[in-house]
Amino acid sequence: MRLNEEWTGLMKSYEADHSDPRNQACHKVGIPLIAASIPIGATIIGLPLAVPMFTVGWGFQFVGHYFEGKKPSFVEDRRNLVVGLLWWLKKSGAHIDLAAT
């Protein structure tokens, strides 16, 4: 996946806001929990599982930002909710190219 200049800028800013290894560790757990909770919660059967996944996932996010000493990136720009997922994919080995800036 190749990001355009605007999304590359968002990714670089996101990476700068997530430089503490403890924050990164929290996000590596929290982001997939949150992301997985959405399709699971879309079913009535999965809803009881999705709620704690979503809640615990966000708990990891906020603990990570406590370690980082910065507010979550999505507070300034909600697109960072998507950028966070892209960041996690990149950290997990997905090939994401940033535009040359």
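In what order do the elements of the protein chain run from the N terminus on? The order is α-α-α-α. The model is predicted; local features require pLDDT of at least 70, side-chain atom pairs count only at pLDDT 80 or more, and totals for chains, interfaces and linings use all residues. Residues are numbered from 1 along each chain as its sequence is written, and side-chain values use heavy atoms, without hydrogens and water.

The secondary structure comprises four helices and zero strands. Helices (H or I, at least four residues) and strands (E, at least two) are DSSP runs, numbered from the N terminus. The radius of gyration is 14 Å, close to the 13 Å from the globule rule for 101 residues, so the protein chain is as compact as a globular protein of that length. This radius is taken over C-alpha atoms, and the rule is 2.2 Å times the number of residues to the power 0.38. The C-alpha trace spans about 45 × 30 × 25 Å along its principal axes.

Buried residues (under 20% relative accessible area, 1.4 Å probe, protein chains only) form 34% of the 101 residues. Of the contacts (heavy atoms within 4.5 Å) with a separation of 6 or more, 70% join residues 24 or more positions apart.

Helix α2 (residues 21-41) and helix α3 (residues 47-68) have axes that come within 7 Å and cross at roughly 160 degrees. Axes are lines fitted to C-alpha atoms over the stretch in contact, with angles from 0 to 180 degrees between N-to-C directions. The two helices, α2 and α3, are therefore roughly antiparallel (angles over 145 degrees). Their crossing is left-handed, the near helix being turned anticlockwise from the far one by less than a right angle. The contact of α2 with α3 has 17 nonpolar, nine polar and two charged residues. Ala, Val, Leu, Ile, Met, Phe, Trp, Tyr, Cys and Pro count as nonpolar, Asp, Glu, Lys and Arg as charged, and the others, Gly among them, as polar.

Note on methods
Parallel < 35°, antiparallel > 145°, perpendicular 65-115°, else oblique. Buried < 20%, exposed > 50% of the residue type's maximum accessible area, 1.4 Å probe, protein only.
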